[in-house]
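Hi,

Here is the structure I promised to pass on to you. Have a look at it first, and then read my notes below.

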Amino acid sequence: MSTLLQPIIFLDTTLRDGELMPGITFDLAEKLQLACWLDEAGVDVIEISYPGQSKKDFAELSTIAPLLKNAIACGLANSREAEILAVAKSLKKAQRGRIHLYTNINLPASAFVKRQQTLLSIQYGVTLARNFCDDVEWTAFDATRSDFDFLTQAVEVALGSGATTLNIPDSLGQAMPADFCQLIERLFDQVPQLEDVIVSVHCHDDLGQALNNSLAGLAVGVRQIECSLKGLGARRGNAALEQILPVILQKPAYQTQIQPQRLEPALNWLSQKIRLLAEVRQEAKGKRQKARELRENSIVQKVYCYSSLIKYYQPSRHCHERV
């Protein structure tokens, strides 16, 4: 593995993965403002949206990508042609663009045909993406829980098809730092071509290890970290950019062009948005609690009234006679 020092690349996915956090949504104006703050702060790659998923995402990438002055504008897609074409079309006017592909590779050994189809899909998708963009990232979705031999095959196919960044994610946040490092080291040993591209990690925080796993990856050759402001993301979220950055800045071996003070406007704005969301949720919770109490009181009153009627009810002699 090469010992040459390289700058650490930050891919921020606040605008895309951040919206997977329950209750968090951004309109176009908010995404544009966040993208401008990230761009001004020196973030290397800004993942804006998933254009093949909705018209909203397509419009967001098409609108924001041309306005970035320094950062690479990135859009997500799977290996299907329609989704790749959607990203490519959205990035047409971008100064610098990246197509980010992902493929689920957590497939059982018994699914031989499915595995072969997946490898062909990776080859086709990356090759197609390279026809539109020189900067193509491929993600081995659920890599940490996948069969290592098949993971190796998938990585080799992606690299052979032209991927320039190779992302090894802990997609469900189940890995521990020691195991995560070992996985990446094994990949470097088994796939020498990884020395010629950027190896990336994207760690989720389900077990509270997103930060530790991201930093651990740097020690074994990783040169791109995918993260988000405030750790926003699916389930328990991602590694938080503002937590990783101080560690990078304190180590002479690592370099980054991000200026921490320029992230403050975005962090402050997000803090306010998250606080308002919490207040809305608390208010809604209070309303549900009050409604539940009213229903329970109503039921108690009905039971009390019914019990009183039973207590004072005296069947007529006629009814007894009929019985």
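By a pocket I mean the following: on a 1 Å grid over the protein atoms alone, an open set of points where a 1.4 Å probe fits, with protein on both sides within 12 Å along at least five of seven lines; its lining residues have an atom within 4 Å of a point. This is a predicted model, in which local features need pLDDT of at least 70 and side-chain atom pairs count only at pLDDT 80 or more, while totals for chains, interfaces and linings use all residues. Residues are numbered from 1 along each chain as its sequence is written, and side-chain values use heavy atoms, leaving out hydrogens and water.

**The pocket**

The largest pocket is lined by 25 residues, with R16, D17, L20, L76 and F141 nearest its centre. Its volume is about 470 Å³, taken as the space filled by probe spheres set on the grid points, which are joined across faces, edges and corners. Strands β2 (45-49), β4 (97-104), β5 (136-141) and β6 (165-170) each supply at least two residues of that lining. Helices (H or I, at least four residues) and strands (E, at least two) are DSSP runs, numbered from the N terminus.

**Fold and core**

The protein has 10 helices and eight strands. Of its 323 residues, 48% count as buried (under 20% relative accessible area with a 1.4 Å probe, protein chains only; exposed is over 50%, and partly exposed lies in between).

A nonpolar core here is a set of buried Ala, Val, Leu, Ile, Met, Phe, Trp, Tyr and Cys residues joined through side-chain atoms within 4.5 Å. The largest one has 83 residues, of which W138, V155, L194 and L263 touch the most other members. Helix α5 (residues 148-160) gives this core its largest share, seven residues. Apart from it lies another core, of six residues, including I9, L11, V45 and C74.

L194 touches V155, L159, L166, L187, F188 and V199, leaving aside residues up to four places away in sequence; contact means heavy atoms within 4.5 Å.

In helix α7 (residues 210-218), the buried residues are A210, N213, S214, A216, G217 and L218. They pack against β6, α6 (177-190), β7 (198-203), β8 (224-227) and α8 (241-250).

E40 lies in helix α1 (residues 28-41). E40 counts as partly exposed because its relative accessibility is 46%. Beyond residues up to four places away in sequence, E40 touches Q259 and R262.

Best wishes
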